[in-house]
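Please keep the sequence and the structure in view while reading.

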Amino acid sequence: YFGLPTIGIKIPAWSAALIALTINIGAYATEIMRAGVESISKGQIEAGRSLGLSGFQIFYYVILKPALMTVYPALTSQFILFMLNSAVISVISAQELAYQAYYLQSRTFRSFEIYLVVTLLYLMLAYLFRATFGLIGKLIFGKVPVNQP
């Protein structure tokens with residue numbers, strides 16, 4: 001966002017923020033999925049072949065579904081962090097929740113109250129995401145793979 005205009009490329013704040021956050025979460029999610037796929041032993045794949053499963057069936061039932069079930073809690077955490085990291089984009093003047101809080105604070109000088117409300121909003125959003133991903137996990141896997149305290 002700050003460097004590209006020197007070579008003549010200007011990107012709107014929202015686009016730059018979306019690109020940066022997407023690349024960030026994409027890298028983490030890819031590594032998480034790679035670890036999940038590598039957690040499947042070669043013996044399971046050979047067992048699928050010996051049962052006469054097709055390549056697609058082996059990929060879906062033997063590799064993808066168990067790998068996704070293994071990494072589902074980590075992916076859930078990454079998507080919640082994605083939502084929470086959206087506060088960082090206020091640095092480039094993208095108008096989101098943290099930016100609005102700063103704007104209100106600069107007008108009213110009521111920092112504590114404003115940032116307390118913003119903190120509670122982020123907390124509620126995080127719990128809402130957690131509950132939503134818990135329900136999705138229950139629908140897909142038949143149980144909630146997220147570790148509950």
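Predicted model: local features only at pLDDT ≥ 70, side-chain atom pairs only at ≥ 80, totals over all residues.

## Leu 125 and helix H5

Leu 125 counts as partly exposed, because its relative accessibility is 32%, which falls between the 20% limit for buried and the 50% limit for exposed residues. Leu 125 is found in helix H5, and its C-alpha atom lies 17 Å from that of Ile 114, a residue 11 places away in sequence. Ile 114 is itself among the buried residues of H5, together with Val 118, Tyr 122, Ala 126, Phe 133, Gly 134, Gly 137 and Phe 141. The elements that cover these buried residues include helix H3, residues 55-85, and helix H4.

## H4 against H5

Helix H4, made of residues 97-108, packs against H5, made of residues 111-141, at an angle of about 165°, and the two axes are 9 Å apart. An angle over 145° counts as roughly antiparallel, and H4 is therefore roughly antiparallel to H5. The crossing of these two helices is right-handed.

On the side of H4, the residues that meet H5 are Leu 97, Ala 98, Ala 101, Tyr 102, Leu 104, Gln 105 and Thr 108, while H5 contributes Ser 111, Ile 114, Tyr 115, Val 118, Leu 121 and Tyr 122. Sorted by class, the residues of this contact between H4 and H5 comprise 10 nonpolar and three polar ones, with no charged residue. Ile 114, Val 118 and Tyr 122, which take part in this contact, are also among the buried residues of H5.

## The loop residue Phe 109

Between H4 and H5 runs a loop, and Phe 109 lies in it. Most residues other than glycine have a negative phi. Phe 109, by contrast, is a residue other than glycine with a positive phi, near 60°. Is Phe 109 buried or exposed? Its relative accessibility is 67%, and Phe 109 therefore counts as exposed.

## H1 against H3

The axes of H1 and H3 come within 8 Å of each other and cross at roughly 155°. This angle is why H1 is described as roughly antiparallel to H3, and H1 passes H3 in a right-handed crossing. From H1 the contact takes in Leu 21, Thr 22, Ile 25, Tyr 28, Ala 29, Ile 32, Met 33, Gly 36 and Val 37, and from H3 the residues include Ile 63, Leu 64, Ala 67, Leu 68, Val 71, Ala 74, Leu 75, Gln 78, Phe 79, Phe 82 and Asn 85. The residues of the contact of H1 with H3 divide by class into 16 nonpolar and four polar, and no charged residue is counted there.

One residue from each side shows this contact in more detail. Met 33 has its place in helix H1, which covers residues 13-38, and because its relative accessibility is 21%, Met 33 counts as partly exposed. Leaving aside residues up to four places away in sequence, Met 33 touches Leu 64, Leu 68, Val 71 and Leu 75. Met 33 and Thr 70, 37 residues apart in sequence, are separated by 9.2 Å from C-alpha to C-alpha. Gln 78, found in helix H3, has a relative accessible area of 16% and is therefore buried. With residues up to four places away in sequence again left out, Gln 78 touches Ile 25, Tyr 28 and Ile 32. The C-alpha atoms of Gln 78 and Ala 20 are 15 Å apart, and 58 residues separate the two along the chain.

## H2 against H3

Helix H2, residues 42-50, also packs with H3, for their axes come within 10 Å and cross at roughly 140°. This angle makes H2 oblique to H3, and the crossing in which H2 passes H3 is right-handed. The contact is formed by Gln 44, Ile 45, Gly 48 and Arg 49 of H2, which meet Ile 58, Val 62 and Ile 63 of H3. By class, the contact of H2 with H3 has four nonpolar residues, two polar ones and one charged. Ile 63 of H3 is listed in the contact with H2 and also in the contact with H1.

How values were computed:
Residues numbered from 1 in each chain as written. Heavy atoms only, no water. Axes fitted to C-alpha atoms, helices over the stretch in contact; angles between N-to-C directions. Helix = DSSP H or I, 4+ residues; strand = E, 2+ residues; numbered from the N terminus. Parallel < 35°, antiparallel > 145°, perpendicular 65-115°, else oblique. Left-handed = near helix turned anticlockwise from the far one by under 90°. Contact = heavy atoms within 4.5 Å. Nonpolar A, V, L, I, M, F, W, Y, C, P; charged D, E, K, R; others polar. Buried < 20%, exposed > 50% of the residue type's maximum accessible area, 1.4 Å probe, protein only.
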